[in-house]
Amino acid sequence: MSNLRLCIQKGGRLSEKSLALLNQCGVAVANGGSLKAEARHYPMEVLFLRDDDIPQAVQDGVADAGILGENVALESGKDVEIVEKLGFGRCRLSLAVRREESYEDTTWFEGKRIATTYPRIVESYLKEKGVSAAIEKINGSVEIAPSIGLADGICDIVSTGSTLLSNGLKEVETIMRSESVLVKHKDLEPQKAKYLENLVFRIQSVLRASEFKYILLNAPNEALEGIMQELPGMNSPTILPLAKEGWSSLHSVIREDDFWERIGRLKDLGAEGILVCPIEKMIL
Ligand code: ATP
Ligand code: ZN
């Protein structure tokens, strides 16, 4: 029976996090610098490729699935299916122009030249906006193109904006937001589809867990009602009596994103001895 073949980026921004995610899913993969590795504890082998080669490999069935930036998947134009967003490698693809330009809207780009590594994405964006511009595909150092007279504007990946700033550019439009995604071959054989489904189930449990924390606190019984309203956890919270008369211990889950605000309110409501712990997996 054939194993699932997953490709991940070799030696780039997404490599370590891809391996870490697999690890959290109980799939151990050694990154010994070779092109291929057998996973331990899972019927899978991992191929290490340049991210740009992943869409083709998955489309052609050389690999069954892959982890890469959504931007790269989209740009490739290959026929692969996005199965799951993975929450790391977040960035945006933006248009930028020289800082001194007075820019108002996308009509600025009419008749201009735009340098980018992402010609397809830029082209479809401009088409949607009804703007026609010349797109120059370049593979690296896109941000210097305007200063050397190669283009009037650029489209590139931005995460903090500091690269743009140091090249005298300003971000004027966000074309897309991207994060790493799991993609799969369109027509997987049933056994492989099962393996992938199981992997996706594990990934979802890990990702969900990272959105929540486990919380334990002590409170006087009369405060419990109000405290529970602040903790709309997965299920109803666990309440255990404390040795101290009239007090209970309450266990629940809390969302990571509004965590600090809620903690403040819980204290105001009378909660004490609050413990907050990470959750490793969350199975629904
Ligand atoms: P490869 O050698 O595999 O072709 P690369 O140089 O094309 O690598 P990386 O720089 O490793 O690619 O980036 C991989 C992906 O990480 C990008 O396609 C993007 O989805 C994501 N990413 C997140 N933040 C950033 C950032 N600040 N700059 C570049 N890419 C980022
Ligand atoms: Zn690349």
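## Exercises on a predicted model

W260 is exposed, with a relative accessible area of 68%. The model is predicted: local features need pLDDT of at least 70, side-chain atom pairs count only at pLDDT 80 or more, and totals for chains, interfaces and linings use all residues. Residues are numbered from 1 along each chain as its sequence is written, chains are lettered from A and ligands numbered from 1 in the order in which they are written, and side-chain values use heavy atoms, with hydrogens and water left out.

### Exercise 1: helix α8

Task: Find which residues of helix α8 are buried, and what covers them.

Solution. 

Step 1. Buried means under 20% relative accessible area, exposed over 50%, and partly exposed in between (1.4 Å probe, protein chains only). Helices (H or I, at least four residues) and strands (E, at least two) are DSSP runs, numbered from the N terminus.

Step 2. List the buried residues. In α8, which spans residues 259-268, these are F259, R262, I263 and L266. They cover an arc of only 105° around the axis, so they sit on the same side of α8. The arc is that of the directions from the helix axis to the C-beta atoms.

Step 3. Recall the rule. An α-helix has 3.6 residues a turn, so residues three or four places apart point the same way.

Step 4. The face away from the buried side carries the exposed residues W260, E261 and D268.

Step 5. Name the cover. It includes β12 (212-220), α7 (224-230), β14 (247-255) and β15 (272-278). Contact means heavy atoms within 4.5 Å.

Step 6. Look past the end. Just after α8, G270 has a positive phi of about 110°.

### Exercise 2: aromatic pairs

Task: Describe the ring pair of Y103 and W108, then the pair of F259 and W260.

Solution. 

Step 1. A pair of aromatic rings is described by the distance of the centres and the angle of the planes. Rings of Phe, Tyr and Trp (its six-membered ring) pair if their centres lie within 6.5 Å; planes under 30 degrees apart count as stacked, over 60 as edge-to-face and the rest as tilted.

Step 2. Count. The structure holds four aromatic pairs.

Step 3. Take Y103 and W108. Their centres are 6.1 Å apart, with 50° between the planes, and the pair is tilted. Both residues are buried.

Step 4. Take F259 and W260. Their centres are 4.8 Å apart and their planes stand at 75°, so this pair is edge-to-face. F259 is buried, with a relative accessible area of 7%. W260, in contrast, is exposed at 68%.

Step 5. Look for a cluster. Ring pairs link Y103, W108 and F109 into one.

### Exercise 3: ligand 1

Task: Find the surroundings of ligand 1 and its polar partners.

Solution. 

Step 1. Count the neighbours. 15 residues surround ligand 1, and the closest are R50, D51, D52, N71 and S159. A residue is near if one of its heavy atoms lies within 4 Å of the molecule or strand in question.

Step 2. Read the polar distances. An N or O atom in the side chain of Q9 is 2.8 Å from an oxygen atom of ligand 1. For the side chain of D52, the distance is 2.7 Å. A polar side-chain atom of N71 also lies 2.7 Å from an oxygen atom of the ligand.

Step 3. Judge the cover. On its own, ligand 1 has 620 Å² of accessible area, and the protein covers 76% of this. Accessible areas come from the Shrake-Rupley method with a 1.4 Å probe; for residues, only the protein chains shown count as cover.

Definitions and conventions
A polar contact is a pair of N or O atoms within 3.5 Å; within protein, one must be able to donate a hydrogen and the other to accept it, and residues adjacent in sequence count only if both atoms are side-chain atoms.
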